[in-house]
Amino acid sequence: MTLPELIRFYQDLSPDSVARFPEFYSENAYFKDPFNEVHGLAAIQRIFTHMYTQVVEPRFTITGQVADADGAMLVWELSYCFGSWGRGETQIMRGVSHLKFDADGKVNYHRDYWDTAEELYMKLPVIGLLTRLLRKALAA
């Protein structure tokens, strides 16, 4: 596996291609993001499969990278729509993935960093409104 192949995998990710994670991730890989912390390939696949039940047409675009032989930092944008509200408007979430590779070149550590408040909660109807009102009150 090469980094360009891994990037292409992320950018072409679909419900069907989640089955290809074993090509890129070790069996005992670790994954953490603001909502999940799991060990094992099957658990990581469940997280990505679940993403397709929560949002419509999620798509990753890698916008930057820093890499060496042992790992990489990938800067990404996730575009998606909320299914039940939001008038079908495309949302953008920005983040960074820190990846480490094992001796076979597969991902054995994947940690995502993104701001849940700015990138998600602010876009939810009730929570976003309350958060904006609170920020405005605290700024006054």
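The legends below describe several close-up views of one predicted protein model.

Residues are numbered from 1 along each chain as its sequence is written, and side-chain values use heavy atoms, with hydrogens and water left out. Because the model is predicted, local features need pLDDT of at least 70 and side-chain atom pairs count only at pLDDT 80 or more, whereas totals for chains, interfaces and linings use all residues.

**View 1. The protein chain holds 5 helices and 6 strands.** From the N terminus on, the elements run α-α-β-β-α-β-β-β-β-α-α; helices (H or I, at least four residues) and strands (E, at least two) are DSSP runs, numbered from the N terminus. Of the 140 residues, 41% are buried, where buried means under 20% relative accessible area with a 1.4 Å probe, protein chains only, exposed means over 50%, and partly exposed lies in between.

**View 2. An open sheet of 6 strands has the order β2-β1-β6-β5-β4-β3, with mixed pairing.** The edge strands, each of which pairs on one side only, are β2 (37–39) and β3 (56–68). Two strands pair if DSSP finds at least two bridges between them. From one strand to the next, the twist averages 20°, and angles run from 0 to 180 degrees between N-to-C directions, with axes that are lines fitted to C-alpha atoms, for helices over the stretch in contact.

**View 3. Neighbouring strands of the sheet pair in the parallel sense at β1 and β6, and in the antiparallel sense at β5 and β6.** The pairing of β1 and β6 runs over 4 bridges, and here Y25 stands opposite V107 in β6. The pairing of β5 and β6 runs over 6 bridges, and V96 has Y113 in β6 as its bridge partner. In the hairpin of β5 and β6, which has 5 residues between the strands, G105 takes a positive phi near 85°. Strands β4 (residues 71–81) and β5 (residues 91–101) are antiparallel over 10 bridges, and E77 stands opposite R94 in β5.

**View 4. The largest nonpolar core has 34 residues.** Such a core is a set of buried Ala, Val, Leu, Ile, Met, Phe, Trp, Tyr and Cys residues joined through side-chain atoms within 4.5 Å. The residues with the most contacts inside it are L6, L13, F21, Y25 and F48. The largest share of this core, 7 residues, comes from α3. Leaving aside its neighbours within four places in sequence, F21 is in contact (heavy atoms within 4.5 Å) with F9, L13, L41, I44, Q45 and F48.

**View 5. One aromatic cluster is formed by F9, Y10, F21, F24, Y25, F31 and F48.** The structure holds 9 aromatic pairs, and rings of Phe, Tyr and Trp (its six-membered ring) pair if their centres lie within 6.5 Å, with planes under 30 degrees apart counted as stacked, over 60 as edge-to-face and the rest as tilted. The rings of F21 and Y25 have centres 4.9 Å apart and planes at 55°, so this pair is tilted, and both residues are buried. F31 and F48 form an edge-to-face pair, 5.7 Å centre to centre with 70° between the planes. This pair links F31 in strand β1 with F48 in helix α3, 17 residues apart, and both F31 and F48 are buried.
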